[in-house]
Amino acid sequence: MKDVLIYEQITLHFVFTGAHNKQFIKKKIEALCQTVKNFLQINYVCQAVYFIMNLYEKMSLSLTKLRNDRMLRTIAGKAQNGAEIEIDGRKLVNLSSNDYLGFAQDKELQAEFLSSLPEDAARFSSSGSPLLTGAHPAYARALATIEELSGRRALFFNTGFGANSGIIAALCDGDTLVLADKLSHASIIDGMGAGRGKALRFAHNSLPHLRQLLNRYAADFKYVLLITEAVFSMDGDKAPLRELVALKKDYPNLYLYVDEAHSFALYGEKGLGLCSLEQIFSDVDFILCTCGKGLGSQGAFVLCNETARDYLINTVRPLIFSTAMPPCAFAHIDFMLRKMVNGESRRQRLQKISGAVRSCLEECGADNLSDSQIIPLLTFDNERAVQAFDFFRERGFYAMPIRHPTVPRGKARLRLSLTASLSDQQVCHLCEVIRQFLRKAS
Ligand SMILES: Cc1ncc(COP(=O)(O)O)c(C=O)c1O
């Protein structure tokens with residue numbers, strides 16, 4: 001007799017990781033068993049054993065996967081001092097900070113702020129939403145400062161994330177088409193998702209694609225909200241702001257929203273950002289500025305006109321339903337706004353350093369996407385980005401590897417984020433390490 005395989009019983013184990021109900025799982029298993037029977041051409045009973053993971057088992061499985069892929073995010077206290085950061089007891093040059101002008105780490109500024117803090121602002125809780133008890137005198141003073149500097153109306157938020165997600169959701173009703181750059185920050189994407197309008201993304205900085213979408217859809221909507229970042233947080237390149245403003249002529253129902261998170265305090269005569277430098281400041285309907293990056297403080301505000309400001313006060317949920325920042329935080333924003341105006345030498349220093357590092361990349365023949373202080377060193381591959389992180393850390397630099405899914409697949413990189421407080425020596429050493437890394441890679 002020839003070899004005969006007899007299957008009396010087959011046990012299949014399934015692990016369902018999604019949020020499925022039992023009915024769904026039973027049906028799926030029956031279908032899978034049938035497929036197996038058909039495939040093996042047998043008639044024996046196919047028995048399925050399954051269990052549904054509880055929530056903690058599901059979370060644990062997901063964490064294990066992230067750990068194995070070296071993608072696990074953690075929060076660990078890290079001391080910072082000037083341009084340095086302490087990791088595991090070792091001092092490294094910090095290339096992961098958004099303190100672009102070195103304001104946040106400036107000890108003299110900190111001392112000056114504390115010694116000049118008005119008595120009514122030395123309070124550490126606002127005790128309510130700005131619509132209730134949260135708008136203290138320090139709030140009003142910071143508001144007056146930014147409105148005077150910008151000539152626009154302003155509205156504060158606790159974070160840039162809450163500002164973007166809340167404002168965009170409030171503006172996106174069913175009459176609105178929202179068009180955002182493909183590389184827009186998560187807070188913009190969340191706002192689009194929460195709104196009721198039609199939300200589309202155009203290819204990064206692509207005016208032809210944007211025009212194509214506008215020609216196809218703009219006439220079907222009463223309003224079009226066009227959203228971009230001024231300097232992009234991952235590629236470090238700039239949006240074609242003047243061209244975007246020019247679109248308003250062809251599409252009268254178009255309104256422009258520019259996120260200056262990575263450019264506020266860095267550009268323009270007074271530091272008001274890229275829209276100011278490009279002299280289109282009053283043509284942009286909404287300018288979102290964050291205070292926790294170039295300004296060296298905390299929170300965010302939007303610049304717009306009075307009608308828009310009043311509308312947002314009445315519609316933005318993260319503003320209405322959240323406790324305002326404390327008076328001391330507004331006093332600090334106010335203090336830093338005044339320092340920002342006179343921060344030209346820091347702005348120039350940052351430009352100079354950034355230019356030197358970008359030139360180094362170009363001289364090495366590496367792709368340079370950047371036109372700013374955010375400089376991605378492309379490694380393309382996720383694993384190579386982690387190797388680059390280790391390579392730079394061993395040589396005294398702390399720069400974060402950015403991988404898919406944060407950036408598109410095949411575009412992994414080490415994100416070099418420069419600050420004006422880096423010394424010439426640190427910049428020279430950085431360029432040398434970049435050269436070594438690229439030589440090793442080729
Ligand atoms: C482009 C952009 N917008 C908004 C935010 C959020 O700002 P915040 O850190 O104040 O919440 C970020 C944060 O990194 C950002 O990169």
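Reader: What makes strand E6 and E12 a pair, and is the sense parallel or antiparallel?

Author: The model is a predicted one, in which local features need pLDDT of at least 70, side-chain atom pairs count only at pLDDT 80 or more, and totals for chains, interfaces and linings use all residues. Residues are numbered from 1 along each chain as its sequence is written. Two strands pair if DSSP finds at least two bridges between them. Strand E6 (residues 153-157) and E12 are joined over five bridges in the antiparallel sense, so by the definition of at least two bridges they pair. Within this pairing, Phe156 stands opposite Phe301 in E12.

Reader: Which sense does the pairing of strand E11 with E12 have, and over how many bridges?

Author: Strand E11 (residues 286-290) and E12 pair over four bridges, again in the antiparallel sense. Ile287 has Leu303 in E12 as its bridge partner. Helices (H or I, at least four residues) and strands (E, at least two) are DSSP runs, numbered from the N terminus; the chain has 15 helices and 16 strands.

Reader: Why is strand E12 called largely enclosed?

Author: A residue is buried if 20 or more other C-beta atoms lie within 10 Å of its own, exposed if 12 or fewer, and partly exposed in between, with C-beta atoms placed from the backbone. Five of the five residues of strand E12 (residues 300-304) are buried, so the strand is largely enclosed by the rest of the structure. Ala300, Val302 and Cys304 cover one side, while Phe301 and Leu303 cover the other. In the chain, buried residues make up 41% of the 442 residues.

Reader: What makes a set of residues a nonpolar core, and which residues have the most contacts inside the largest one?

Author: The term denotes a set of buried Ala, Val, Leu, Ile, Met, Phe, Trp, Tyr and Cys residues joined through C-beta atoms within 7 Å. The largest such core has 111 residues, and Val178, Phe301 and Val302 have the most contacts inside it. Helix H12 (residues 327-341) gives the most to this core, with eight residues. Domain 2 (80-101 + 344-441) and domain 3 (107-341) each supply at least three residues; domain bounds come from an automatic or database domain assignment.

Reader: Which residues are in contact with Val302, leaving aside its neighbours within four places in sequence?

Author: Two residues are in contact if their C-beta atoms, placed from the backbone, lie within 7 Å. On that basis Val302 is in contact with Ala154, Leu155, Ala163, Ile167, Phe286, Ile287, Leu288 and Leu312.

Reader: How many residues does each side give to the contact between domain 2 and domain 3?

Author: The centres of the two domains, taken over C-alpha atoms, are separated by 27 Å. The contact takes 16 residues from domain 2 and 15 residues from domain 3. Helix H13 (344-363) and strand E13 (374-380) are the elements that give two or more residues to the side of domain 2 that touches domain 3. E13 gives the most to that side, with three residues.

Reader: Why are strand E3 and strand E14 called edge strands?

Author: The open sheet of four strands has the order E3-E4-E5-E14, with mixed pairing. Strand E3 (79-81) and strand E14 (397-398) each pair on one side only. Val93 has Phe397 in E14 as its bridge partner.
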